[in-house]
Amino acid sequence: METDIGAPPARGRTSAAGGGTARGAPWTIAGQVCRGVLGAGMLVMPPVVAALARDHSLLVWCAHLLLGGSVSLMLAALVRTRVGPMPLAGAVGALLGTWAERAVDAAFAVAFTAGQAAIAWFTATCLLAAADGAPPRPGAAGLPLALGILVVAVAAALSPLTFPAAVLRVRPWAAGTVALGCVLWGGPGIPEQGAHSALAPPELSPHGAEWLALATLFFAGVGWEAVTGVVPATASGARGTALGVCLGIAGVAAVHLGLAAVQRYAGAVPAAPGASAAPLRWTLAVATAIVLTSYCVTNVRTAARIASRLYPGGRRTTGRGPARALVAAVGAACCAFARAGAGDGAVPLLLLGPAAAAVIGYALGAAAAVRRGGPVLRCAGVAVLLVLGGVSALTVRSLVSA
């Protein structure tokens, strides 16, 4: 999850005639899709999906990529000639009304706080696994660590600290490199099925855990909507747009399926970090903590910026960004979510927050396609709505029946 829902869209080369393919536009679109999707999810999701879906983890990843890629193609076709370059909230607002824009902003403002709590719990789990040499049990031991990570992130978000553009460009590569090291050498470890762990609720049935894994993957898929900013900016034709989105999907699939395959086949499942030397465990755990804390800093500011847009005229912002009081309020909400999640399955259950926000945003995009699109786009919108509704219903049913 690298995307900034409120970030200004990327600009690409434009075509003099909107019907043709702008030179270089497919690569611009593909790069933006990859930058939008590939982020903290590279580190967090492989062990979470492996802990939940077990032998079916690759199948769950494939299902997510198929659904996320379909959503991205639908949104790209929807916005190509209908709206200007803008984030998802602005696009659905332009097509459905202000209420839709506020609904998406409200969902993501709340969801980002739950997502940072999940990232903090995952980071705490990695550090405890490095110390113990085994996947830790959830509970009081991890809570101070998780809260400490959030306090550091919020303090940095409140400070004048800004990440240089070069750091932001390199960060996804760093996250991918650390993620590869973790899946190769077992950190933070995959708990035994039914064991008490922050990575998976032990009381879920195998099928229920698989549906939960698919639902939580929407956290890693926040970013498929990056096309709403880049596609109108490139003024690419239909073929160039489709090619660019497909190239982006291929890039995301190569990374996510590559990490999942290494997780599944390169090491034993359940994988224990104790199989690796202590210096290697600590190196990977500390690197994970640094990378994920940097994402928390960015995302806390993003959540505050999104929340500020819920006020008329965005009056809770300053010339340099959201008001410090709003950033502090977001940080307090993150800590409250982390405290509430101190139990089995904390990470995937907290990840349902950003996953639900993504589903709301994509469902409103699909509704806009049904309302404003041609016959093919309307059929695509209906199909996306049915699939999103089905996944949501089956996930809720699995959690309620657990």
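Helices are DSSP runs of H or I with at least four residues, numbered from the N terminus.

Leaving out residues up to four places away in sequence, Phe218 touches His64, Leu67, Ala355, Ala358, Val359, Tyr362, Leu388 and Val391. Contact means heavy atoms within 4.5 Å.

## Packing of H8 and H14

Helix H8 (residues 206-220) packs against helix H14 (residues 375-400) at an angle of about 130°, with the axes 9 Å apart. Axes are lines fitted to C-alpha atoms over the stretch in contact, and angles run from 0 to 180 degrees between N-to-C directions. H8 and H14 are therefore oblique to each other; angles under 35 degrees count as roughly parallel, over 145 as roughly antiparallel, 65 to 115 as roughly perpendicular and the rest as oblique.

H8 contributes Gly208, Trp211, Leu212, Leu214, Ala215 and Phe218 to the contact, and H14 contributes Leu388, Val391, Leu394, Thr395, Ser398 and Leu399.

## Cys296

Cys296 lies in helix H11 (residues 278-308). Beyond its neighbours within four places in sequence, Cys296 is in contact with Gln116, Ile119 and Ala153.

## Basis

Residues are numbered from 1 along each chain as its sequence is written, and side-chain values use heavy atoms, without hydrogens and water. In this predicted model, local features need pLDDT of at least 70 and side-chain atom pairs count only at pLDDT 80 or more, while totals for chains, interfaces and linings use all residues.

Notes: Helix = DSSP H or I, 4+ residues; strand = E, 2+ residues; numbered from the N terminus.
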